[in-house]
Amino acid sequence: MLEFCSGLEHVYNTVAPKMDAINISTNVTSLSQLWADAQHHRNFQDNDGHVRSSIEAVFQQSLKQLQPRMNSVGAQAISNIVWSSAKLGLDPDKYMPGMVRILTSRFMQLVHAADKRQHPSAQGAANLVWALARMHHAAATSELLDAVSSYFGSLIYHPDKWQRPNPQSIANMVWALAQLKHSPKDARLLDDLCVYMHSLLIAQGSRDRPGAQAVANMLWGLAVLQHPLKDPGGRLLDDLCMYMHSLLQAEDLRSRPNAQDVANVLWAVAQLKHAPPGEVGSAMLDHLVALCVTPRLQPKPQEISNCFLACAELDLALRPAQMGGLWKHLLGLHVSKVDIQSYSNAAWSLAVMGWLDFSMLDAVLHQLRLKHKLLLAEYGTIGTSTLLKVEDATQLHQALEWLRPAKGSEQMEAWSNLRSRLQAVSPDSHIQPLSFPGQADFYRALAAQRLQYKAKVLCGVYYPAAVLYPHDSKAAKVILVLQRPDAYLTNAPSRLLGRVAFKNKILGRHGTVVTVPYKQGNSSVESMADAIKAAVEAKTGLPLDSFRH
């Protein structure tokens, strides 16, 4: 590595005037590839940082040589330099202020060049946006992203099929846009890319069929952007899932999905509220469990917790061996390698699926105590009240509530002990009533029906929309819940999302849960009042007068 850097320095000091932009971009690309290879070599060490310093020196020299040649730099050279910068973890602006904007401005000129021979390739466009996303660079402006992604999308219709994007380029583009939290201005772009990817997916014998990482990254990107796919019947998502399933059985082991691919796919379909077809989800979990005991391929804590979350949200049937394998691996990792969110995600997910028991939550609280000690040793001081984020604390309190035994149960003492330990690191005072869409009209509808109700009533760890109290003290209270259309799976409209069904189960311990359908923008006070009447009478078998003043 040092010899290569020394060689490049010699070249720049002797024959630099004879070099062109292509030579310089090739040097930077070679530098990034050698650095990547070195990091994967068992015997590579750079304890004194000498290698890294040499790389930075050569990188800076390359940029200095490139700047006066900017008017002759081609699109591929720009893409290669920015991509290599991201792979090296070096921001060109640190060594040449404003360099990235100069490069991207030149790239934009070439996108719009009259001479089509100067236009960037699909891979070049995707690599540029990918690199900017990898660096989270300020040069990735909305104007640039819209222009480059729109140009990229137009290439799927190119008459020369060799100029069209390949699956990895499509996945890189969607992944990058998601990393940058940028939804393309052209709303059709993501749909067009999905349709094109689907055509490559089903093309039998095509060399351009996507790999596992491409499918996983694309699904992940769509989920992050929350793009409403135009996918009647969920065919595209089903086919992507089935394709991943086929890769699980690939003869070439290198073609099989890794742990991150599996976790990203399951997490993405959960975010898109789409249950995988057939046994696809279960097969992915089996694969992940197998990776748990495979050296150098074991899943990271976040990947396990994301899979648990997906199973909970999609109500996937988790087999004992699958749950046990993933749970054992997660708890077996040293606490320093596991973030708090992974523990809370896992505990909450297992509660939603009905797997959580006292010993499992006890184990999670034990790990949190160890985590607290570790942070104290590292930072000197950290309050237990700041140990958990609100989201993590909420999940753990909901998991604890799931375990709450009936009054008078022999388990109450053990449960109270768990509660005390949880409150020591996270008091439940953070649980506050939240406003919800249609709230004002909902309360007007209750008033119009002259119902005897209370709002902001805490039922365990949840606040329902309202609670109705019957005249007959022996009759159960009615727990009113507004149910929006997005509370259901998109490809199984009768199945509630896991978190919604879980909430209803907890609320059901405090009375009769009555769900009132609500669609924002389509519900007047009068229609909501009628919906409340119909839902309450149908569920309780009592006339609405039983709950009126």
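Biologist: Where is the place of Trp267?

Modeller: Trp267 has its place in helix H13. Helices (H or I, at least four residues) and strands (E, at least two) are DSSP runs, numbered from the N terminus. This is a predicted model, where local features need pLDDT of at least 70 and side-chain atom pairs count only at pLDDT 80 or more, while totals for chains, interfaces and linings use all residues. Residues are numbered from 1 along each chain as its sequence is written, and side-chain values use heavy atoms, with hydrogens and water left out.

Biologist: Which residues is Trp267 in contact with, leaving aside neighbours within four places in sequence?

Modeller: Contact means heavy atoms within 4.5 Å. By that rule, Trp267 meets Trp220, Ala223, Val224, Asn306 and Ala310.

Biologist: Let's turn to helix H14. Why is H14 said to be largely enclosed?

Modeller: A residue is buried under 20% relative accessible area, exposed over 50%, and partly exposed in between (1.4 Å probe, protein chains only). In H14, 11 of the 13 residues are buried, so the rest of the structure largely encloses this helix. Among the buried ones are Met284, His287 and Leu291. Their cover includes helix H12 (235-248), helix H13 (259-271), helix H15 (301-314) and helix H16 (320-332).

Biologist: And the sheet: what is the order of its 4 strands?

Modeller: Strands of a sheet pair through backbone hydrogen bonds, either parallel or antiparallel. Two strands count as paired if DSSP finds at least two bridges between them. Here the open sheet runs S1-S2-S3-S6, with mixed pairing. Strand S1 (453-454) and strand S6 (512-517) are at the edges with a single partner strand each, so one side of each has no neighbour in the sheet.

Biologist: How many bridges join S3 to S6?

Modeller: Strand S3 (residues 478-483) and S6 run parallel, joined by 6 bridges. Within this pair, Leu482 stands opposite Val516 in S6. Helix H23 (residues 525-540) packs on the sheet, touching strand S2 (466-468), S3 and S6.

Biologist: Which residues touch the most other members of the largest nonpolar core?

Modeller: In soluble globular proteins, nonpolar side chains tend to be buried together. A nonpolar core is a set of buried Ala, Val, Leu, Ile, Met, Phe, Trp, Tyr and Cys residues joined through side-chain atoms within 4.5 Å. The largest one has 167 residues, and Leu66, Phe308 and Leu361 touch the most other members. Not counting residues up to four places away in sequence, Leu361 touches Ala347, Leu356, Leu396, Leu400, Leu403 and Leu418. A second, separate core of 21 residues includes Met528 and Phe547.

Technical notes
Axes fitted to C-alpha atoms, helices over the stretch in contact; angles between N-to-C directions.
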